[in-house]
Amino acid sequence: MSPFLGNLSFLRSLYLQENRFQGKIPLELSRLFKLQLLNFSSNSLQGEIPTNLSNSLCIIFLPTNDLVGKIPASFGSLSKLIDLRLFSNNLIGGIPPFLGNLSLLQKVDLARNSFTGTIPYSIGRLGNLKAFGIGVNKLSGTVPPPLYNISTLTQLIIGYNQLTGSLPQDIGLTLPNLRVITAGGNQFWGPLPVSFCNASRMELLSVSRSNLSGPVPFDLGRTMKNLRMLHLSINNLGSGDASDLRFIDSLTNCSKLEILATVENGFGGVLPTSIANLSSHLNTLSIGLNELVGNIPVGISKFVNLTGLGLELNYFSGVIPFEIGKLRNLKILTFGANKLSGPIPDSIGNLTQIYALDLSDNNFSGTIPSSIENILGLQSLYLSNNFLTGPIPKTVGLFSTLTFMDLAHNAFIDVLPLEIGKLNNLQELDVSENKLSGHIPSTLGNCLKLEHLFLEGNTFQGSIPPSFSSLKGIESLDLSRNNLSGQIPENLAALVLLKNLNLSFNNLVGEVPRQEYGIGGRTSTEGDVYSYGILLLEMVTGKRPIDELFAIKQSLHEFCKVALPERVMEIVDSRMLLEEPTEAENDAQKERARRDKIRECSVSLVRIGIACSTESPNERMSIKDVIIGLMKIKEVFLGVGIHGRRQMRM
């Protein structure tokens, strides 16, 4: 930016926003004594804000740059300043108390910086203030009470700091002109103020992540005819009671409502039928992670403008309404982790704009509807942990944009289609724990972006495809518990990013390839085996080698060795034994068998730990034998119904 701008001595307004200016703001601008408006928004300006800018300035717009440093002390003399916007920079320090002396200020936006300290009490003196934005900083302390009494305020943006205290119960009365309030992402506490029911001009109300508790006022939306967004997510609102969502009745008055988000609270009961009477402008309905029961209301199908619908992690039951196919603008649909049943409706194929579909962890049955082939832009497909049957459709090869596909823990049969190799963007494929058979398609070697591949728990046969050597980005590969045979390919050693490889419980022959670089860029050594043995004993016993118990006489190794085998359960950390018996294991005979199996596994783990941590390297267990031993323990462990389900990857 040319320093010769400072020679334009009669300049009153300077607009250079939305360009690609770099470097520092010229110090020569301080010579522009008549400058009233300065707008450098949305550039790439660096350095500090110049001091001694014109005292005639009424408007300073410097947002969305890379400015650093503090707000200049010279700003305290800008008595004519009306509008100050410095958001989205890298400014530091505190908010200067002198801002409270600039009596003409109407708008202050300092959001998205790194300001620290507290909100100056003096801000409450700005009687003409209309908008105050300090969101996404590192401010702490409480909000000065006078700030809540500036009746001219229309926008109060204080979210995502480290503020404490509670929202005043009369805020809806003391700030009658309030249109926007974002207070989420702080450490507030207490109830949602009942007086918000009087905030008739409210357009955006956001208190997500605020530790608020108690009920939502039942007539919250009674006067909010202009409300567009209501964010209540991630609080402690509701009590699991049937009347928790009564406030939705009042939201039918909000004819402009576009977003309703109540995720991760304690709301209980059923979705009220009045939800079908919400605004036809609704584009996001997000009510997951609550305690809701009952059926999915058919009336939701009227929201033809919905782009996001999330009901995940509740207790919804019944079927997905066939009418769901009317929501042709949906892009995200998450019904995962409920108790939904029946078939996946064929009408799901009408939702051609969806890119994320999650129906996992339910009780769906039947086959994948053929109409799903219409959703060509699909990026994430999660159908795991259901009772789906039939073959995986060959049309899956049409999903060229697919990056995640999880079909695990179902009852899919037949072969894994060759067309799977057409998924050039696939990063994760999980078809484990099904009834798939035949050969593993060599075309999987075409999925060059694959990072995680889980095929375990099926009946695949034949050899491991040589084409797997093309999967240079693979990190996890699990082919265990199949009927694979033949030689373990040596070229697997070329997969230098591979961290987890499981080939156990097959009929494979040969050595597991040693990777030249392996995890952490090194190969296994005897020292690693020793460290692993000590780590295993630490895990089983909950004790560390440096504990006071081992300071005088014996080591952790010796402590465990003398307990073998009769006293092993005395040294096992109780946190290892938290698994409760399942309903099928409640009778005494089965419970005794279960405990015997757990004891057997514990003894075996301690034996491996001791064998790895002997003093002489020549007597230590080889890493190959360690792996074989652990696989045997796993087989026994799973044999008594102690199951661990892979964490959902979404």
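Reader: What makes the second largest cavity a cavity, and what volume does it have?

Author: The second largest cavity has a volume of about 30 Å³, a volume being the space filled by probe spheres set on grid points joined across faces, edges and corners. A cavity is a set of points, on a 1 Å grid over the protein atoms alone, where a 1.4 Å probe fits but cannot get out, and its lining residues have an atom within 4 Å of a point. Here the lining includes Pro-297, Ser-301 and Glu-323. The model is predicted, so local features need pLDDT of at least 70 and side-chain atom pairs pLDDT 80 or more, while totals for chains, interfaces and linings use all residues. Residues are numbered from 1 along each chain as its sequence is written, and side-chain values use heavy atoms, with hydrogens and water left out.

Reader: Why is the pair of Phe-247 and Phe-267 called tilted?

Author: Rings of Phe, Tyr and Trp (its six-membered ring) pair if their centres lie within 6.5 Å, with planes under 30 degrees apart counted as stacked, over 60 as edge-to-face and the rest as tilted. The centres of Phe-247 and Phe-267 are 5.9 Å apart and their planes stand at 45°, so the pair is tilted.

Reader: How do you know that Arg-246 lies over the face of Phe-218?

Author: A charge sits over a ring if NZ of Lys or CZ of Arg is within 6 Å of the ring centre and within 35 degrees of the ring normal. Arg-246 lies over the face of Phe-218, at 4.4 Å from the ring centre.

Reader: Are Phe-247 and Phe-267 buried or exposed?

Author: Both Phe-247 and Phe-267 are buried, that is, under 20% relative accessible area with a 1.4 Å probe and protein chains only.

Notes
1 Å grid on protein atoms, 1.4 Å probe; cavity = no way out; pocket = protein on both sides within 12 Å on 5 of 7 lines; lining within 4 Å. Buried < 20%, exposed > 50% of the residue type's maximum accessible area, 1.4 Å probe, protein only.
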